[in-house]
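Take a walk through this structure, one region at a time. Keep the sequence at hand as you read.

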Amino acid sequence: MNRESLIKKWLDHDLSPQELEEFKQLEDYQDLANLDESIKGFKADSITTDEALNSVWQTIRSQKTSTNRLVSVLSKIAAVLVIGFGIFYFTTTLDTTSSTLVAQQEQIQLPDASEVQLNAMSTLSFNSSKWDDNRSVTLSGEAFFKVAKGKKFDVITDAGTVSVLGTQFNVKYRNDYFEVTCYEGKVAVITNMKSTTLLAGDSFLILDGKYIATEKENRLNPSWLNHVSTFKSMPFKEVLAEFERQYEVEIEDTNIDKSQKFTGSFTHNDIEIALKSITLPLQLKYSKTDNIITLKRD
């Protein structure tokens, strides 16, 4: 028997024992039973079966509407809690990442007020919410660090780790090139090949899998901070790679020995002057079409 018929027969007190058991299985049986106690207070001749049935349906609908509203409110609260937890989780677990494009530099401040200047085509990441427990940054590319006095943290690259304490230093890691130069204070460099401690003016260089001894650094900071790239006895391929990063060009060469050593510099602000700076010392000629530069022997 359907639900409406059961309720109508219940109001008429006309349920058989079997139907009564079926009626008790209704999901809102208890509500209907409580309603029955209220209905008993009325006189028998003052209410009809149809009126009673309509009253029951209205009560049931009211109860369902209230329940639906409660469920809706609870669902919204749950959704807000889930979103809030998700935002909290991602903001406390995800790293802060900064990346630069060709010919771009960016200044970054770390949670301990240390400053980082990021060179072109470089990426730096760290987790500010976990800084007190994990004082480290991950670097790909080149960056100059000015560490707050008394503050210590690690710079992690795929080639090695640099540990610092209140100092100024430069780290460059690109493919097979890993160089650390200390300008103030002291830094520890740890790699699979060699580990050492650098004082102001010392440099550490691994190039193409080989440790290279370097000259004393006399500058107070790296030249690229002033938009100039400087090289001392560097393979010409490294010069060309840096040129491409600073000018968003592609360099093609014809029978050029890119392993030959280059000492000199080029500006980041004038491509014509920069091209002359890297070609004249090696007696090279160049031609430029759009963003493609072709080098060849003079």
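Two strands pair if DSSP finds at least two bridges between them. Keep in mind that this is a predicted model.

Start with strand β7, residues 161-165. On one side of the pairing is strand β6, residues 152-156. The two run antiparallel and are joined by five bridges. They form a hairpin, with four residues between them. β7 also pairs with strand β10, residues 186-190. That pairing is antiparallel too, and it has four bridges.

One residue links these pairings. V164 in β7 is the bridge partner of F153. V164 also has a bridge partner in β10, namely V187.

Now turn to the helices. Helix α5 covers residues 236-247, and helix α6 covers residues 271-279. Their axes lie 12 Å apart and meet at an angle of about 175°. Angles over 145 degrees count as roughly antiparallel, so α5 and α6 are roughly antiparallel to each other. From α5, the residues F236, V239, L240, F243 and Y247 take part in the contact. They meet I271, A274, L275 and I278 of α6. The contact residues comprise nine nonpolar, no polar and no charged.

Finally, look at a loop. E217 sits between β13 (210-212) and β14 (228-235). Is E217 buried or exposed? Its relative accessible area is 13%, and buried means under 20%, so E217 is buried. A polar atom of the E217 side chain lies 2.9 Å from the backbone nitrogen of R219. Beyond its neighbours within four places in sequence, E217 is in contact with T181, Y183, G201, S203 and K232.

Technical notes:
Residues numbered from 1 in each chain as written. Predicted model: local features only at pLDDT ≥ 70, side-chain atom pairs only at ≥ 80, totals over all residues. Heavy atoms only, no water. Axes fitted to C-alpha atoms, helices over the stretch in contact; angles between N-to-C directions. Parallel < 35°, antiparallel > 145°, perpendicular 65-115°, else oblique. Contact = heavy atoms within 4.5 Å. Nonpolar A, V, L, I, M, F, W, Y, C, P; charged D, E, K, R; others polar. Buried < 20%, exposed > 50% of the residue type's maximum accessible area, 1.4 Å probe, protein only. Polar contact = N/O pair within 3.5 Å; in protein donor to acceptor, adjacent residues only side chain to side chain.
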